[in-house]
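The following exercises concern the chain shown below.

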Amino acid sequence: IWKGNDFSFKSKHFDIAGRSDLPPSPQGGPVIAQAGDSETGRELAASHADVIYSRHGTLEDGQAFYRDVKARLSRYGRATDDLKILPGAAFVLGDSKEDAEERQRAIRLQQVSPKNAIVFLEQVWNRDLSSYDPDGPLPEIDPEVSSPALAQGRASRIDDRLETARAWREIAEREKLSIRQLIIKVTARQHFIGTPETVARQINQYVQENAADGFVFAPHLTPTGFDDFVDKVIPYLQEWGVYRKDYRTQTLRGNLGLAVH
């Protein structure tokens, strides 16, 4: 609790009080972001966060996540706009749909090397799979679930290794995918692929149809990865009146449309 420069906080783990010489933040408080798709994570975001990240790729999955998380806010006396849903996403632009899709394939092959594919699979299977061919089929053996985790990483968030392996085998068999091809597919962020106008329309559709409040974009190149996006995609969004032309506040909280605490 803040009163001027005096503060106090008491909980199970902390009991502190004092006085700060720092001036108050123009935001009133930092923007709190939560990442995690579990039941606990969603509830934590609804009760405390200003932003929640998600990784739902399809419009339908995004809408289901959006409805679920937003519906939890009222339990904590919060309004719908008090929590912004910002999925992580990437984009690939091209002169045509075919050009963009070819660029996407080349980018993903560079992002997921043969060795990286095996390492990621090991995190799910919890086994040493270094003898497997990344261009070959998935292991016939099941993941090891009784031993401690072989490695820590992105895949450690998976709750049910056996169910994940079953689902991945189904995808690989249906689409005739090798280990590397499967890992490229299952580790991909939401991608907007196409001409600049097509990508702008896809982004706008997700926001207008309540699958997201916006996006956190990660370009595949730095530091120049956003140049084409800013020059070619943003103008369409501004023309349609769905993206700002000027910043109206000087804080992140204000630019996200969040109330000052």
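**Exercise 1.** Among contacts in the chain between residues at least 6 apart in sequence, what percentage join residues at least 24 apart?

*Solution.* The structure is a predicted model, in which local features need pLDDT of at least 70 and side-chain atom pairs count only at pLDDT 80 or more, while totals for chains, interfaces and linings use all residues. Residues are numbered from 1 along each chain as its sequence is written, and side-chain values use heavy atoms, with hydrogens and water left out. A contact means heavy atoms within 4.5 Å. With contacts between residues at least 6 apart in sequence taken as the set, 62% join residues at least 24 apart.

**Exercise 2.** State how many helices and strands the chain has, and what share of its residues is buried.

*Solution.* Helices (H or I, at least four residues) and strands (E, at least two) are DSSP runs, numbered from the N terminus. On this basis the chain has nine helices and eight strands. Buried means under 20% relative accessible area, exposed over 50%, and partly exposed in between (1.4 Å probe, protein chains only). Of the 261 residues, 38% count as buried. Along the principal axes, the C-alpha atoms fill a box of roughly 65 × 50 × 35 Å.

**Exercise 3.** Identify the loop that holds each of the two residues Asn126 and Lys176, and decide whether each is buried or exposed.

*Solution.* Begin with Asn126, which is found in the loop between helix H4 (114–125) and helix H5 (161–175). Its phi is near 55°, a positive value in a residue other than glycine. Asn126 counts as buried because its relative accessibility is 7%.

Lys176 counts as exposed because its relative accessibility is 70%. For background, most residues other than glycine have a negative phi, and most peptide bonds are trans.

**Exercise 4.** Which peptide bond is cis, and where does its proline lie?

*Solution.* The bond from Thr222 to Pro223 is cis, with omega near 5°. Pro223 lies in the loop between strand E8 (216–217) and helix H8 (227–239).
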